[in-house]
Amino acid sequence: MTHNVKIASVAAFLAIVFIAVPVLISASGRTDLYYTLTSVALLSIASAGVWLTFYIGRINIGQGAYALMGGYVSAILVVTYGWSFWLTLPAAGLFCAAASVAIGLPILRLRGVYFAMVTLVLTEVARLLALALPVTNGAKGMVSIPLPGALSAFGLIIIPDFATLHNSRLAFYLLAAALMVACFAVVYRLVHSRIGKLCQSLQQNEELASSIGVNIAYLRVIAYAVSSFFGGVAGAIFAAISQSIYPSSFTVTDSVNFMLNCFLGGLGYVFGPMLGTLVLYFGWDLLFQTGQFQLLIYSTLMIVLMLFLPNGLLSLAATTRKKG
Amino acid sequence: MEQVIANGFYLGAQYALIALGLTLIFALMNVLNFAHGQMYVLGGFITYTVYGQLGLPFVLALLASGVTLAVIGALMEKFLFRTVIKRSLREESTMLLAAATAFFFDAVILLIFGEKQRGVPKIVKGVFNDGGIIMPYDRMLVGVLALVFIAAFVLYMQYSRVGRAMRALAQDRVAAQLMGVKVDRYTMIGFAMGAMLAGIVGGLLVTITGVNSGIGGPISIKAFMMVMIGGAGVVGGAIAGGFILGMMESVGLTVLREYGDVTYLVIFAALMVFLSIRPNGLMGKPWG
């Protein structure tokens, strides 16, 4: 792709996300779609994190743990300590990143299924911890978290108080979409930088990479920390939208779904997780009408998709481009 | 305390049998079969139908569970996993397939058998009680049967032609192929056997704990843990992992009772610490 095409497609994407979608939704009056699209945006942020761990050759089924952690950090800071939501957002991300460094240092030595399984167990540990710790209020969870307040700097209101807004759904949508764009920009930049190339060398052969002088321990912890940061931020916003968080808000199923989003979109493509999340989430929603056959049809489609496009949806575009 | 250890042994025997099937499939294909718990549930429901509903002998029901699951496993390997492994660029793609089949089984089980908890009449009545240990006879029978199946499996893997071929495959796929082992065929047999083991455990346990359509996922997670404790892809490791987890559960539930529901938290945390010290489990091959 030439430079101009790239800029044009990014501009087109931004126009669709920030202008076309709100216009279309207000025209059709289906404001419930805001909630769906907000969820897609947030889930794709978390999935982008998982994708990044795939990029260093690790299967991460533990993103649910960090989403839950981020949600609880934000909720506790807002409810118990009276912080502004906008401060808790980076705080939740940083907390998760710090936790992931501590957890990642030992467990990132594992590979393949061992890493996958330990992260799966991590999701369960997070859930059980949320149940057992006194600060998280056990199974009752944290409820009636206030909506995000106003954010102002130098007397200038940058983001208005969500509680006073006429349409807080739109506000949440714009927030989630903006964060999604920012996250994918970061991932794109990361992947196309020197660090990205080094990460790719990890994916192929860690021993070889380290023998050439790549600091593999450092790189994988960095990638894992960024990944968990995304998970924490996504979880924090989820808690703010639903105004509640429970130990069962993010479970093993969610962790597995984050991973599936990446697979479905394609592991070789930065924007794979975004597409995968969109398709999986909307597919699941659309199949709601089929009632009791929802799961059956959904899983059958997934199996068929896997049989014919095992390298993800975006591999379709790649092959046609190669042929054409 | 004797009671706790007896319970641990009983749990361990059935856990080990669950883990064996999973580890066999992993050793042969490097596939982590997410659908293992669902296969277990399916086996349980088949036994429930044949033994509980139709009133046929229990042995026949167990046989039906095993055979049905073996056929399903063979078909899954031939038409799904083999194709995807061939076409995919990255080995991990099979995980999506495995997860999708797990969802698929969940949906099928829910549609056919409903969401109710199902149980069957006891196979043997009565309770063993010598003052120290109390254990119902049917639990003892199931425990013993599980041990018999484990022994049979190990002997089969060790001494039969098929078992030898599968062990060769697990060691080195290419070398085995060069020595004339029919790789595709034995992979299929292996997958079928793994699925069959899941079905048999399901059939055995439906007589005690009953079965419902929602327990597939949790069973899979437990099976993953046992396999990791022992080391993925190693038969001995799976058996050890099963007994260790069974014992930890049994002891943990008694010792930690006063602290509330933290047994699993402790087990999980211990597992994570253990794996960061010994990344391949007790006897796993490096990076299996």
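The dialogue below takes up helices, loops, chain contacts and domains in turn.

Analyst: This is a predicted model, in which local features need pLDDT of at least 70 and side-chain atom pairs count only at pLDDT 80 or more, whereas totals for chains, interfaces and linings use all residues. Residues are numbered from 1 along each chain as its sequence is written, and chains are lettered from A and ligands numbered from 1 in the order in which they are written.

User: How many residues does helix H10 of chain A have, and what distance does it reach?

Analyst: Helices (H or I, at least four residues) are DSSP runs, numbered from the N terminus. The expected span of a helix is 1.5 Å times one less than its number of residues. Helix H10 of chain A, residues 252-265, has 14 residues and reaches 20 Å from its first C-alpha to its last, close to the expected 20 Å. Just after H10(A) comes Gly266(A), with a positive phi of about 120°.

User: Why is H10(A) described as largely enclosed by the rest of the structure?

Analyst: A residue is buried if 20 or more other C-beta atoms lie within 10 Å of its own, exposed if 12 or fewer, and partly exposed in between; C-beta atoms are placed from the backbone. In H10(A), 13 of the 14 residues are buried, so the helix is largely enclosed.

User: Where is Gln243(A) placed?

Analyst: Gln243(A) lies in the loop between helix H9 (216-242) and H10 of chain A. Its phi is positive, about 55°, although Gln243(A) is not a glycine. Gln243(A) is partly exposed because 13 other C-beta atoms lie within 10 Å. In chain B, Asn30(B) has a positive phi of about 60° and is not a glycine either; its place is the loop between helix H1 (2-29) and helix H2 (36-53).

User: How many residues of chain B are in contact with chain A?

Analyst: Two residues are in contact if their C-beta atoms, placed from the backbone, lie within 7 Å. Here 40 residues of chain B are in contact with 35 residues of chain A. On the side of chain B that touches chain A, H4(B) gives the largest share, 13 residues.

User: Which domains are assigned in chain A?

Analyst: Domain bounds come from an automatic or database domain assignment. For chain A, the assignment gives domain 1 (1-30) and domain 2 (32-323). Their C-alpha centres lie 23 Å apart, and the contact takes seven residues from domain 1 and seven residues from domain 2.

How values were computed. Helices (H or I, at least four residues) and strands (E, at least two) are DSSP runs, numbered from the N terminus.
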